[in-house]
Amino acid sequence: MKNIRNFSIIAHVDHGKSTLSDRLIQICGGLSLREMSSQVLDSMDLERERGITIKAQSVMIKYKAKIKTYFLNFIDTPGHVNFSDEVSRSLSACEGALLIVDAAQGVEAQTVANCRNALNLNLKVLPVLNKIDLPNANPEKVSQDIENIIGISMKNSVKCSAKTGFGILELLEQIIKKIPSPSGDINNPLQALVIDSWFDKYLGVVFLIRIKNGYIKIKDRIQVINKKITYQVEKLGILPQKENKKTLLCGEVGWIICGIKNISSIIVGETITSYIKPAQKSLPKFKKLNQKFTLDFFPTHPDQYSYFKDALMKLQLNDTALYYEPDMSKILGLGFRCGFLGLLHLEIIQSRLEREYNISLIVTAPTVGYEIISINGKKVYIDNPSKLPNMNNIKKIREPIAKCNIITPIKYIGNIIKLCVENRGKQKSLVYHQTQIMISYDIPLSELVLNFFDRLKAISSGYASLEYTFKKFKTSKLMKIDIFINSVKIDSLSTVTHKNNVIHIAKLIIKNIKKFMPRHQFDIPIQAKISNTVIARETIKQLRKNVISKCYGGDVSRKKKLLQKQKRGKKKMKNFGSVSIPPEIFSSIIAIN
Ligand code: GDP
Ligand code: MG
């Protein structure tokens, strides 16, 4: 165990975690260049396309130092603000963390947040200044900023370039010297933390585990502490090697396969122990973040429902931050209410469902959860506006407020304050650190989750960074808008918004519906109502011409095309009563909020 080091790499997005991981693998000769394809750790297609890390992955490499050989297990972590959940998960399996800071960009909001996370878990943090090869790198200034803003000493920091390889050997030496080897006792009963899991088409469920005490060997019967679940270990090994091993020992990070083909429960974050000689206590669980918003997914084809459910189960195995439960809409039928950490998380799950599982979806507008206090004093949590009681029965609506930390160069501060105020933010603090400012705001989560991050990046030319966490529920003047099409309430279009914005939002929604709604043989009124009062309305005028009437003369092929198009359009629509509603209406509401 003395020659094992388990560490994570944490950083703000784009500061070079993945490049550094690849460089470490290459220098230690873990894999040939060809085996590495482009970047080993970003293995999902989506990750490579977007150039970001979504899933934490673990890799073991051998480092031959002067006297001894060391086994380094390192876990790459995502840096995007949406995926902080995955970061704490990786950290709980390690004794140390490399804090990578781009020597040209400097400290950013996620650098601070991730570093605090690591320090709270008692990890040894090793600061690394990366991209030292860049002409505008300023390691002295950035070192000062790290000391000032984060408050850790830079005395033992390493300067390197993941790109050129400069300083990487020095970094390896520091990892050996500064990061403690795992503690734990191989003679104690088995305790292993499940860090991650995923579904393999051929092997079934694979668990990634960190052994804190004891060991596991093939054929061992294991159980999940506090859950009456037992498995038999069929295969085990260490990533990235595909060959099997016979045992996983105290201090190691590796995978196990127990021949599970049906996913019945998610055990990421739980502790595994031996069935015959069980440990009594679970290991501390890692911090789990709550979903920031939820929305409904409905399969376009109702017969895909159970296949869709299976796909969600498999994705959740690999992404504990994804939450779902069955839901039903009068108009769209059976679907799932799903929870996400942010827009990027939503986009990723949606594209994985579409690409890996070939499921076409109708997506409703995202919404945060609210605490509702009814007239009779009862408190309920509601994450779907269509489930809200009538406004007349509601005494108070309490909305989630997030504590946001923003770090920005001084020159963008004016625009950023304006953006925060427009989003109902309340300033909590503002601290100057030479050329950087760190500001803290309380902002309603509903304002934050959709496009705040993109707008912040846009008004600061990409320089400002953001990090946020849920703070509290707070009473707010919120109202529920219901949408009626042809006098029928369309449940999936209900939305909650601040009193000052209701008219504006109601008009936008209706305009949007009008854009997508086809004409019928009769006039169709579209109304937005609060309680029973109409606050905005439009009418879709009846169809006057038939589609082919414009085609004078005998242009047969064009006529055919138009008719076919009309037929396709009809098939796609959801019929409700006498009115057909195209699925785009539900999805397009996202753009409004
Ligand atoms: P991650 O988001 O932290 O995983 O960052 P990546 O490893 O994907 O790197 C982001 C970008 O910075 C990529 O374009 C890399 O090629 C580049 N990069 C990473 N390390 C260095 C470095 O040491 N020097 C230079 N010049 N560029 C680097
Ligand atoms: Mg990356």
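Helix α4 is followed by N122, whose phi is positive, near 60 degrees. Before that, the ground rules. This is a predicted model, in which local features need pLDDT of at least 70 and side-chain atom pairs count only at pLDDT 80 or more, while totals for chains, interfaces and linings use all residues. Residues are numbered from 1 along each chain as its sequence is written, chains are lettered from A and ligands numbered from 1 in the order in which they are written, and side-chain values use heavy atoms, with hydrogens and water left out. Helices (H or I, at least four residues) and strands (E, at least two) are DSSP runs, numbered from the N terminus.

Back to α4. It covers residues 109–120, and its 12 residues should span 16 Å at 1.5 Å a residue; the end C-alpha atoms are 17 Å apart, which agrees. The expected span here is 1.5 Å times one less than the number of residues. Nine of the 12 residues are buried, so α4 is largely enclosed by the rest of the structure. Buried means under 20% relative accessible area, with a 1.4 Å probe and protein chains only; exposed is over 50%, and partly exposed is in between. Among the buried ones are Q110, N114, C115 and N117.

Next, ligand 1. It is surrounded by 14 residues, the closest being D14, K17, S18, T19 and D133; a residue counts if one of its heavy atoms lies within 4 Å. Which backbone atoms come up against the ligand's oxygens? A backbone N or O atom of G16 lies 3.0 Å from one oxygen atom, and a polar backbone atom of A162 is 2.9 Å from an oxygen atom of the ligand. From a side chain, an N or O atom of S161 is 3.2 Å from a ligand oxygen. The cut-off for such polar contacts, pairs of N or O atoms, is within 3.5 Å.

Now the sheets. Two strands pair if DSSP finds at least two bridges between them. The seven-stranded open sheet runs β11-β10-β15-β7-β8-β14-β12, with antiparallel pairing. β11 and β12 stand at the edges with a single partner strand each, so one side of each is left without a neighbour in the sheet. The twist averages 35 degrees from one strand to the next; axes are lines fitted to C-alpha atoms, for helices over the stretch in contact, and angles run from 0 to 180 degrees between N-to-C directions. Three bridges join β10 to β15, with I222 opposite S274.

Helix α7, residues 305–317, lies across β7 and β8, at about 140 degrees to β7. Contact means heavy atoms within 4.5 Å.

The other open sheet has four strands, in the order β17-β18-β16-β19, again antiparallel. Here β17 and β19 are the edge strands. α7 packs on this sheet too, touching β16, β17, β18 and β19. Helix α8 lies across β16, β18 and β19, at about 15 degrees to β16.

Last, β26, residues 478–485. Seven of its eight residues are buried, so β26 is largely enclosed by the rest of the structure. It pairs antiparallel with β28 over four bridges, and with β29 over four bridges. β26 and β27 form a hairpin with two residues between them, and N486 in the turn has a positive phi of about 50 degrees. I485 stands opposite V488 in β27, and its bridge partner in β29 is I526.

Technical notes:
A polar contact is a pair of N or O atoms within 3.5 Å; within protein, one must be able to donate a hydrogen and the other to accept it, and residues adjacent in sequence count only if both atoms are side-chain atoms.
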